[in-house]
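Here are my notes on the structure you sent. Please read them with the model open.

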Amino acid sequence: MRPVLIYPLLAVCLVFATAATATSHLASGLTVILDFRGAHSDSSIREMERESGSILKTTGLKLDWRLRDDAPKSAYPNLVVMTFNGNCKFLPAPRGYDEFGPLAFTETTDHVIQSFGQVDCDHVVEAARSAMFGADYAHAELLVGRALGRVVVHEIVHMLTRSAEHGRDGVFEAALSGRQLIAPSLPLSAVDADRLMSVMSGCESEQ
Ligand SMILES: [Zn+2]
């Protein structure tokens, strides 16, 4: 397995798409398994889930969030797994991270996009922190959650559309700045929403 695209600095991700199972019967929603490998904040995670749902609301896609350890062993009809590496909790001081790596990426095997995404939490948190100023610090955990939600949605779009191509604006741009990650709004563009809805309806467009 290897990430497909490695963008410098704040590139959001990189690869794309998903296992076939993730696009079947999407009318029933998409289960997102969360696998945290480091520290994380409950309030940030709640905001991540809220922000993700808010961005995808226009597409009609419903997300069902499950922690890996709490997820029943039964099979889900539509499933993606997001692994969060590093520390997902806000820290006011800068810390080390791989600034040349992506914020997140979706795994591929033999050029086929899988349903497994990896988030570099240290990178996302630092990108969000670097864009904060003044009153932002008073709700830093919320802003980190917002950033995580946007990164997760970006990867989910790759997975479901099975495309490495990015949008021209919005949350599916090739690279997102720290300011975009914590801005009051960063929607999925109408074009990208249409692409996603086409997949959900079983009418994938040519890539
Ligand atoms: Zn991407």
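Which residues of α2 are buried? The points below start there; note that this is a predicted model.

1. The buried residues of α2 are Cys121, Asp122, His123, Val124, Val125, Glu126, Ala127, Ala128 and Arg129. That makes nine of the helix's 11 residues, so α2 is largely enclosed by the rest of the structure.

2. Helix α2 spans residues 121-131 and helix α3 residues 140-161; their axes come within 9 Å and cross at roughly 125°. An angle counts as roughly perpendicular from 65 to 115 degrees and as roughly antiparallel over 145, and α2 and α3 are therefore oblique to each other. Their crossing is right-handed.

3. On the α2 side, the residues that meet α3 are Val124, Val125, Ala127 and Ala128. Their partners in α3 are Leu143, Val144, Ala147, Leu148 and Val151. By class, this contact has nine nonpolar residues, with no polar and no charged ones.

4. On confidence, the mean pLDDT of the protein is 85, and 83% of its residues reach 70 or more. Over residues 1-21, however, the pLDDT is below 50. In the model this stretch has 88 contacts beyond near neighbours in sequence. Where pLDDT is low, the predicted coordinates should not be read in detail.

Technical notes
Residues are numbered from 1 along each chain as its sequence is written. This is a predicted model: local features need pLDDT of at least 70, side-chain atom pairs count only at pLDDT 80 or more; totals for chains, interfaces and linings use all residues. Axes are lines fitted to C-alpha atoms, for helices over the stretch in contact, and angles run from 0 to 180 degrees between N-to-C directions. Helices (H or I, at least four residues) and strands (E, at least two) are DSSP runs, numbered from the N terminus. Angles under 35 degrees count as roughly parallel, over 145 as roughly antiparallel, 65 to 115 as roughly perpendicular and the rest as oblique. A crossing is left-handed if the near helix is turned anticlockwise from the far one by less than a right angle, and right-handed if clockwise. Two residues are in contact if their C-beta atoms, placed from the backbone, lie within 7 Å. Ala, Val, Leu, Ile, Met, Phe, Trp, Tyr, Cys and Pro count as nonpolar, Asp, Glu, Lys and Arg as charged, and the others, Gly among them, as polar. pLDDT is the predictor's confidence in each residue, from 0 to 100. A residue is buried if 20 or more other C-beta atoms lie within 10 Å of its own, exposed if 12 or fewer, and partly exposed in between; C-beta atoms are placed from the backbone.
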